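Here is a short tour of the salt bridges in this model. Have the sequence and the 3D view open as you read.

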Amino acid sequence: MVGTSTVFHLTGGLALPAVGLGTSDATDPAAIKKAIELGYRHIDTAFFYKNEAEVGQAIRESGVPREQLVVTTKVWGTYHSRVAEALELSLANLGLDYVDLYLMHWPVPLNPKGTPADWPVRADGSADVEKDWDFVKTWAAMQELVAQKKVRAIGVCNFSTVNLEKLLAAPTTTIVPAVNQVELHPYLPQRKLLEYCSAKGIVLTAYSPLGSTDAPLLAEPVIVDIAARLGKTPAQVALSWAVTRGIAVIPKSVNAARQLNNLDDFVMAPADVAAIDAISLTKKLRVITPDFGEELFHDDD
Ligand code: A2P
């Protein structure tokens with residue numbers, strides 16, 4: 001088994017393997033089970049992905065003891081004002097009695113009675129945001145789940161420095177998010193957010209670390225050249241660039257050979273990190289940009 005060599009220790013004591021499996025496109029339990037057999041010990045899902053049952057099935061069928069896995073799921077926008085209920089639904093889907101990491105999927109509460117139920121919109125087509133709620137209240141409810149031992153740690157996703165400042169300044173906030181999961185790759189290196197989160201003890205987790213569909217970063221000349229020189233694959237170089245910067249990564253793959261390849265991270269020399277950092281000076285990309293009617297990304301750099 002190729003083990004993930006790097007582990008990040010989160011505030012609160014959770015040990016997070018730096019390379020996890022992203023499952024947002026995964027529908028086949030066999031592919032997820034294969035990843036666990038190959039050595040993945042950090043599995044990322046979400047209520048919104050509608051595959052928690054498949055993830056739970058894969059975990060059970062893998063035979064790997066539950067305590068050896070770090071399982072992440074997320075509360076969806078329409079559940080911000082009913083977080084405890086959302087967690088119970090996720091635990092039932094997963095067939096687990098706790099999750100290791102429970103994350104707020106987006107900082108925007110959506111109307112719990114709107115339609116369509118998972119992404120409600122108003123008559124004019126705009127997002128049906130729950131106006132009398134905000135993410136500070138959602139976070140307060142998430143903190144209670146830690147006390148109840150239903151989740152080992154809590155965190156956020158898609159939070160900018162502006163929204164993190166608001167959350168951390170709130171009188172009800174007693175727990176600093178353990179992680180902030182955001183889109184992050186060499187075309188979107190998130191320098192300002194990384195600096196801010198590092199100072200606060202928040203570990204960044206990179207989703208779409210290969211640039212999402214078609215993995216455009218794997219054809220990026222700077223990455224291809226470094227990979228050839230080091231005898232690594234472009235994917236290993238793109239992922240290890242992030243891990244070397246202290247960022248966890250959750251690449252998606254349903255292919256066993258690529259899953260195994262992605263798991264094998266290495267510590268990258270500073271000159272190579274700097275060369276990859278420089279890519280975004282001329283090429284920028286943000287793939288995931290849902291329109292919730294408010295600015296979410298204040299920090300792109
Ligand atoms: P597949 O599931 O067929 O392997 P991201 O994690 O940035 O969202 O990128 C995921 C995309 O990259 C998926 O389409 C996945 O396809 C592909 N992918 C994942 N790992 C590798 C790899 N090591 N080499 C090539 N393509 C990869």
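Glu220 has a relative accessibility of 5%, so this residue counts as buried. In this predicted model, Glu220 meets the side chain of Lys283 in a salt bridge, with N and O 3.0 Å apart. Glu220 sits in the loop between strand E9 (203-207) and helix H7 (221-230), while Lys283 lies in the segment after helix H10 (270-277), so their pairing ties together parts that are 63 residues apart in sequence. Lys283 itself is partly exposed, at 37% relative accessibility.

Where does Asp277 find its partner Arg245? Arg245 is in the loop between helix H8 (234-244) and strand E10 (248-249), and Asp277 belongs to helix H10, so this bridge joins parts 32 residues apart in sequence. Arg245 is buried, because its relative accessible area of 16% falls under the 20% cut-off.

A further pair connects two strands: Arg152 in strand E7 (residues 151-157) and Asp100 in strand E6 (residues 99-104), 52 residues apart. Asp100 is buried at 0% relative accessibility, whereas Arg152, at 45%, is partly exposed. This pair is also part of a network, in which salt bridges with shared partners join Arg66, Asp100 and Arg152.

| Lys283 | Glu220 | 3.0 Å |

Conventions. Residues numbered from 1 in each chain as written. Predicted model: local features only at pLDDT ≥ 70, side-chain atom pairs only at ≥ 80, totals over all residues. Heavy atoms only, no water. Helix = DSSP H or I, 4+ residues; strand = E, 2+ residues; numbered from the N terminus. Buried < 20%, exposed > 50% of the residue type's maximum accessible area, 1.4 Å probe, protein only. Salt bridge = Lys/Arg side-chain N within 4 Å of Asp/Glu carboxyl O.
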